[in-house]
Amino acid sequence: MRVIHSPLHARHDGGIELHRGELVPSFEMPARIAYILSALERARMPVEAPRDFPLQALLSVHDAGFVDFLRNAYAQWRVAGMSGSMLPSGFPARGLRRDRIPAGINGMMGYYAFDAGTPIVEGTWDAVLASAQSALTAAAVVAEGERSTFALCRPPGHHAGHSTYGGYCYLNNAALAAQELRDRGFARVAVLDVDYHHGNGTQEIFYAREDVLFVSIHGTPDTEYPYFLGYGDERGIDAGEGFTRNFPLPAGTGWDDYRVALAEALEDIGRYGADALVVSLGVDTFEGDPISAFKLGSRHFPQIGAMIAGLRLPTVLVQEGGYAVEEIGENVVGVLAAF
Ligand code: Q9C
Ligand code: ZN
């Protein structure tokens, strides 16, 4: 399988996050990629650089003002006299206005962000753009006839919405890949999200659309991040009614229950009649993951890959979460090799 990846990911580094009441170094760190790259090397899967896509390509799923904010945020922060890592501390929750975008960088950051765990540093934009371009390239390669491709994206993307960032995500790589497949002639595209966390951004982007099915298996928002989306009664709206499907599972879920949900999710995708698939591939469902609570072992990841391959669809796999424990390399490559 061809792998698309950019070393520019490493420019996004030095971040901090508010985690359980404390400021700590970001769990989402460059070492994640080092673990995955060394497992890819052991499996003799070479990596190629992404193509260059214009900023315009991002606007198929994102708001122009939001993209401008991400691109210029760090420079604005510096102009305002600050340094270090950017984190927001106030958000437009119920009762507050959302129809005005504050001019000052702190207010603007709170307007576009939905958590205090997604830092912006000097090199963040370079990494974010390269990550999005990797997903777009992987989709283009599949549209040109390759059966499957893996975009080794960092930062991840599935929490980023049309005009929101959070959950370590800035631009929605999987949504960009799905839209690219649509634009290049695939009529019905399914997105299967197997990251531990609900893909709230991807769901939001396609919620009112029937041409992209969104199916997600994740820790229940009742107790798990992102807390405010991902329940089973979210089914889509308007023309998109029936084209979103969520499988929230309790913290502590192991392979037996996970496998049943995955089989059902794959049945939904089969019934939909998708002619291409995007997989939001998070491996934070692993039992050793430092911030998640499913109990999958490394031996289960090849089974996930084989089950997804059973759909026999042109497929773009996009890296999402999975935090820095060495096994994430083996787990990612386990999915890809079995696929
Ligand atoms: N420190 C992905 O797996 N952490 N994102 C919540 C704040 C956010 C995970 C507490 C976890 C986001 C792509
Ligand atoms: Zn996750």
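Author: Rings of Phe, Tyr and Trp count as a pair if their centres lie within 6.5 Å, and with that rule in hand we can read this predicted model.

Reader: Which residues do ring pairs link into a cluster?

Author: The cluster joined by ring pairs consists of Phe66, Phe69, Tyr111, Tyr112, Tyr165 and Tyr170.

Reader: How many aromatic pairs does the rule give, and how should I read a single one?

Author: A pair of aromatic rings is described by the distance of the centres and the angle of the planes. The count here comes to 12 aromatic pairs; one of them, Tyr258 with Phe294, is edge-to-face, at 6.1 Å centre to centre and with 70° between the planes. Because Tyr258 lies in helix α7 (residues 255-272) and Phe294 in the loop between β9 (276-281) and α8 (300-309), this pair ties together parts that are 36 residues apart in sequence. Tyr258 and Phe294 are both buried.

Reader: In what order do the strands of the open sheet run?

Author: Strands of a sheet pair through backbone hydrogen bonds, either parallel or antiparallel. In this model 8 strands form an open sheet in the order β4-β1-β5-β10-β9-β6-β7-β8, and the pairing is parallel. Since β4 (47-48) and β8 (244-249) stand at the edges, each with a single partner strand, one side of each is left without a neighbour in the sheet.

Reader: Over how many bridges do β5 and β10 pair?

Author: Strand β5 (residues 148-151) and strand β10 (residues 315-319) pair over 4 bridges in the parallel sense, and Phe150 stands opposite Leu317 in β10.

Terms used:
Residues are numbered from 1 along each chain as its sequence is written. Chains are lettered from A and ligands numbered from 1 in the order in which they are written. This is a predicted model: local features need pLDDT of at least 70, side-chain atom pairs count only at pLDDT 80 or more; totals for chains, interfaces and linings use all residues. Side-chain values use heavy atoms; hydrogens and water are left out. Rings of Phe, Tyr and Trp (its six-membered ring) pair if their centres lie within 6.5 Å; planes under 30 degrees apart count as stacked, over 60 as edge-to-face and the rest as tilted. Helices (H or I, at least four residues) and strands (E, at least two) are DSSP runs, numbered from the N terminus. Buried means under 20% relative accessible area, exposed over 50%, partly exposed in between (1.4 Å probe, protein chains only). Two strands pair if DSSP finds at least two bridges between them.
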